[in-house]
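Welcome, and thanks for taking a look at this structure. Here is a short tour, topic by topic, to read with the model open beside you.

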Amino acid sequence: MSVLQTLEDRSHNSCELCTSKEQLKQYTIPPSLNESVDNSVLVCNTCLQQIEGNEDMDVNHWRCLNDSMWNEHVAVQIMSWRMLQRLRAEGWPKDLIDMMYLDEDAMALARATGEHEDESAKIIHRDVNGVVLEVGDSVVLVKDLKVKGSSMVAKQGTAVRNIRLDHENAEYIEGKVGSQQIVIITKYVKKL
């Protein structure tokens with residue numbers, strides 16, 4: 001059974017965040033590189049557009065997190081925590097965040113995108129042209145790079161999809177070149 005079919009069965013064909021039954025899609029939680037049931041949620045188009053920042057946040061829409069944060073599936077809990085973090089300036093999400101419990105591994109994944117940090121404290125990753133890089137972006141190499149620890153050379157023009165960011169150093173990102181996961185310096189990539 002595919003990941004999407006499993007998510008549909010798990011959620012009874014409803015958005016796992018707001019329970020809508022319209023326009024459902026699979027969403028793989030960044031910075032996950034491989035989609036699986038454990039790191040994906042089934043969301044409606046309204047939730048997806050706001051999660052990805054394509055639409056302004058409708059604060060009242062997200063009052064549904066009061067229920068979804070208690071979901072038995074960790075992926076749903078993580079997305080609920082992240083959305084509550086984005087909305088924490090509203091007041092009511094802070095109370096819900098205080099009530100939530102995520103185990104150590106789930107909390108590490110929830111914090112992986114930096115949703116919980118103030119804007120001034122976030123490390124900003126920029127490509128060779130100064131464009132801000134986000135988790136899940138695709139980049140292209142602007143020069144040939146020798147991969148340390150192997151005989152592989154990543155050629156200029158190679159696309160690296162679904163990147164992850166190093167949350168301790170603004171100069172490093174991670175991505176797959178071929179079948180190998182590598183760390184790349186941001187001054188050698190350009191956002192696609």
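Which residues of the largest nonpolar core touch the most other members? They are Leu17, Val43, Cys47, Ile51 and Trp62, out of 31 residues in that core. Before going further, please note that this is a predicted model, in which local features need pLDDT of at least 70 and side-chain atom pairs count only at pLDDT 80 or more, while totals for chains, interfaces and linings use all residues. Residues are numbered from 1 along each chain as its sequence is written, and side-chain values use heavy atoms, with hydrogens and water left out.

**A few terms**

- Helices (H or I, at least four residues) and strands (E, at least two) are DSSP runs, numbered from the N terminus.
- A residue is buried under 20% relative accessible area, exposed over 50% and partly exposed in between (1.4 Å probe, protein chains only).
- A nonpolar core is a set of buried Ala, Val, Leu, Ile, Met, Phe, Trp, Tyr and Cys residues joined through side-chain atoms within 4.5 Å.

**The cores**

- Of the 31 residues in the largest core, two or more come from each of strand S2 (40-44), helix H2 (45-51), helix H4 (74-86), helix H5 (92-99) and helix H6 (104-111).
- H4 gives the largest share of this core, with 7 residues.
- A second, separate core has 15 residues, including Leu133, Val147, Val160 and Ile173.
- Val43 touches (heavy atoms within 4.5 Å) Cys15, Leu17, Gln23, Leu24, Lys25, Tyr27, Leu48 and Ile51, leaving aside residues up to four places away in sequence.

**Strands S1 and S2**

- Strand S1 (residues 24-28) runs antiparallel to S2, and 5 bridges join them; strands count as paired if DSSP finds at least two bridges between them.
- Tyr27 stands opposite Val41 in S2.
- S2 is largely enclosed by the rest of the structure, because 5 of its 5 residues are buried.
- Ser40, Leu42 and Cys44 point one way from S2, Val41 and Val43 point the other way, and all are buried.

**How the helices pack**

- H4 and H6 pack at an angle of about 45°, and their axes are 9 Å apart; axes are lines fitted to C-alpha atoms, for helices over the stretch in contact, and angles run from 0 to 180 degrees between N-to-C directions.
- That angle makes H4 oblique to H6; angles under 35 degrees count as roughly parallel, over 145 as roughly antiparallel, 65 to 115 as roughly perpendicular and the rest as oblique.
- The crossing of H4 and H6 is right-handed, whereas that of H4 and H5 is left-handed; left-handed means that the near helix is turned anticlockwise from the far one by less than a right angle, and right-handed means clockwise.
- Where H4 meets H6, Val74, Ile78, Trp81 and Arg82 face Ala106, Met107, Leu109, Ala110 and Arg111 as contacts.
- The axes of H4 and H5 come within 9 Å and cross at roughly 145°.
- In that pair, Trp81, Leu84 and Gln85 of H4 meet Trp92, Pro93, Leu96 and Ile97 of H5.

**The S9-S10-S11 sheet**

- This open sheet of 3 strands has antiparallel pairing in the order S9-S10-S11, and its edge strands are S9 (164-165) and S11 (180-185), each pairing on one side only.
- S9 and S10 are joined by 2 bridges and form a hairpin with 6 residues between them; Leu165 has Ile173 as its bridge partner in S10.
- S10 (residues 172-177) pairs with S11 over 6 bridges, and the bridge partner of Lys176 in S11 is Gln181.
- The hairpin of S10 and S11 has 2 residues between the strands, and Gly178 in the turn has a positive phi of about 65°.
- In a regular strand the side chains alternate between the two faces of the sheet.

- Strand S5 (residues 139-141) is joined to S8 by 2 bridges, and Val140 stands opposite Ala159 in S8.
- Lys190 lies in strand S12 (residues 189-191) and counts as partly exposed because its relative accessibility is 37%.
- Not counting residues up to four places away in sequence, Lys190 touches Asp127, Val128, Asn129, Ser138, Val139, Val140 and Val142.
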